[in-house]
Structure formats: C-alpha cells, structure tokens
Amino acid sequence: MKFKKVILVLTDPSDQHIDESAIQLCKRFKSKLFVLFIIETSRISRLARLTHKKSETLRKKIEDEGWQSLYLIEDAADKTGVWTSLHLEDGIATTIVKKYIDAYSIDALLVKRKDETKKLFVSSTVPVIGL
Amino acid sequence: MVLKISEVLKPEAIIMKIKSREKIAVLKELVAHMVANEFVEDGEEFQKALAKRENLESTGIGDGIAIPHARTDAVKNLVLAFARSEEGVEFSAIDGKPSYLIFLIASPVDKKSEYIMALAKLSRLLRKQVVRRLLKDADSPDEILNIIKKNEE
C-alpha cells in the first residue's frame, strides 16, 4: 500500500501528542504530510455555553493554539525530513476534510481516535488511520 | 510574555518594493537587507537555513502570502522582516498563486517557543482579508507597522 499524501486532522490543540506517530508513518511511507487544524463551529458554541465566555474570545484562543500546534508539528517533521503543508480552517470537520481529500488527492486520513472523530471514520472516502 | 509582531518588526526591516522576482533571489535580497541593517550576523548561514526549510515545505501559505522561516544560530534574537512584491513571487504556494506579501521569521535554535508563537500570531493576523488588503496598499514602513498594531490582538 502506498500513501503518497496523507492528511493529519486536528480539532483540538491537545491532540498534538499524536504528531510523532504521524511523522514516523510519513517517514516510513515517504509520504507528504498535510496537517489540517479545524476550528469546529459547533465545538466553539458548546465551549461558550459551558464556560460562559464569548464565542469570539474562545475562537481566537483556539485559532492561536491551532497555529502553534501546526508549527510545532512542522518543526518536528523538519528534523526527520518529512515534507509538510499546514492548513487551518473554520467549519464542519467532515465537510472540510472531504474538500481537502478531493483537492489534494489525499490517500489516507490520520486522526486521533476518540468519540468525536467517529464521524470522520464513517464519512471518509479514503482509508482512515486512528492514532 | 505577550509577543507583539508590531514590536518585533522594525521599520528598517521592511522593504516596500522588493526587486527580485524569484524565490531564492528574494530570500537573498531579504537576507542581505537584514545583514546590512545588523539584524543578522551570519548572512550565509541564515540563507542556508532558509533554503533548507524551503526545500522541505511550501512556505507560501496561499492568499498571496509567504512566510519563509527558520530556527538558526545565525541570528541572536527573534527577528522579523517584511517585503512586498508588485509582480508576485512564486513560492510554491498550495493555492498555486504568487506571493505579494512576504514575511521572514528567524530565531535562535534555543528560542523555540518564541518562534512558534511568532509564527502563530503572524499566521492568524494574515488570515484576515482586510489586513492583507491594507498591507498591499500601505505607502510606508510606518503605515505597515500601524496596520499590524491595530489588527493584532
């Protein structure tokens, strides 16, 4: 099986500990690594309700942490010689992931295995690897 | 520590109209400008670090923006430079479009968190369409800095 291009999908800054597995996988398969951080609209609304904070304040914080996660992954990938491309989007995860799979001819999807990512396993048109 | 892009970027590190039109030549011009203004000590090493990074990933992030960056001991502190291109420069951006606004970031190897924070702040700032438009239209380095100051939070 060949994975020329894989996409690592993150929806939470705390997901970043899975980056090492993703980088190692890309190194092994000589894959290009697209890293996509999605700011999920529904997650912001849920957090705003729970914390009584403004949605916009939470969104800014998550975006800042999202970019930091992306650049930390890039920095780690750089050491192993893995090619990376960083992306950050707002919206619904399944829709955005589908758009990326189609636009960049992605061969496999890497996600953190947790309840919220079930929808990505179900809806993906390419193999999904849970890390 | 609250890092402000408008405080790290100095007016002397801004090139309003870069002459070069090819990626490596643009990086060379920016590095030479940084060396001439004493932001960088070892221009050759700095250039090498940037070129190595460019070979590994596209620093053209789309929407007419490129953020070449590297961690290297060719610099003593976190440094930022900005250059504007009228014709656009091919930075292998993921959207296939040329880059008109080029921000260069470098930090010493041991200043990783500061470096990551600066990249994150800049990326967030440049996602705003209005900021990109204002930066394209600005007339002077001071105006560039004011735009950044007003729009960074």
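A polar contact is a pair of N or O atoms within 3.5 Å; within protein, one must be able to donate a hydrogen and the other to accept it, and residues adjacent in sequence count only if both atoms are side-chain atoms. Keep that in mind for the tour.

This is a predicted model, where local features need pLDDT of at least 70, side-chain atom pairs count only at pLDDT 80 or more, and totals for chains, interfaces and linings use all residues. Residues are numbered from 1 along each chain as its sequence is written, chains are lettered from A and ligands numbered from 1 in the order in which they are written, and side-chain values use heavy atoms, with hydrogens and water left out.

**Stop 1: the sheet of chain A**

Show chain A as a cartoon. You will find an open sheet of five strands in the order β3-β2-β1-β4-β5, with parallel pairing. Strands (E, at least two residues) and helices (H or I, at least four) are DSSP runs, numbered from the N terminus, and two strands pair if DSSP finds at least two bridges between them. Select 84–91 (β3) and 128–130 (β5) of chain A: these edge strands have a single partner each, so one side of each lacks a neighbour in the sheet.

Next, select β1 (residues 5–10) and β2 (residues 32–40) of chain A, which run parallel and are joined by six bridges. Here A:Val6 stands opposite A:Leu33 of β2.

**Stop 2**

Click on A:Glu89, in strand β3 of chain A. Its side chain makes a polar contact of 2.6 Å with that of A:Tyr100. Leaving aside neighbours within four places in sequence, A:Glu89 is also in contact with residues including A:Phe37, A:Lys99 and B:Arg127.

Now select A:Asp90. What does A:Arg59 form with A:Asp90? The two form a salt bridge, with the closest N and O atoms 2.6 Å apart; the term means a side-chain nitrogen of Lys or Arg within 4 Å of a carboxyl oxygen of Asp or Glu. This pair links distant parts of the chain, 31 residues apart: A:Arg59 is in helix α3 (residues 55–80) and A:Asp90 in strand β3, both of chain A.

**Stop 3: across to chain B**

Stay on A:Asp90 and show B:Arg127: their side chains meet in a salt bridge (3.0 Å, N to O). Across the interface of the two chains there are eight salt bridges, and eight residue pairs are in polar contact (both at pLDDT 80 or more).

On chain B, select α3 (43–56), β4 (69–71) and α4 (112–126), each of which supplies at least two residues of the side touching chain A. The largest share, nine residues, comes from α4 of chain B.

Finally, show both sides together: 19 residues from chain B and 23 residues from chain A take part in the contact.

Notes:
Contact = heavy atoms within 4.5 Å.
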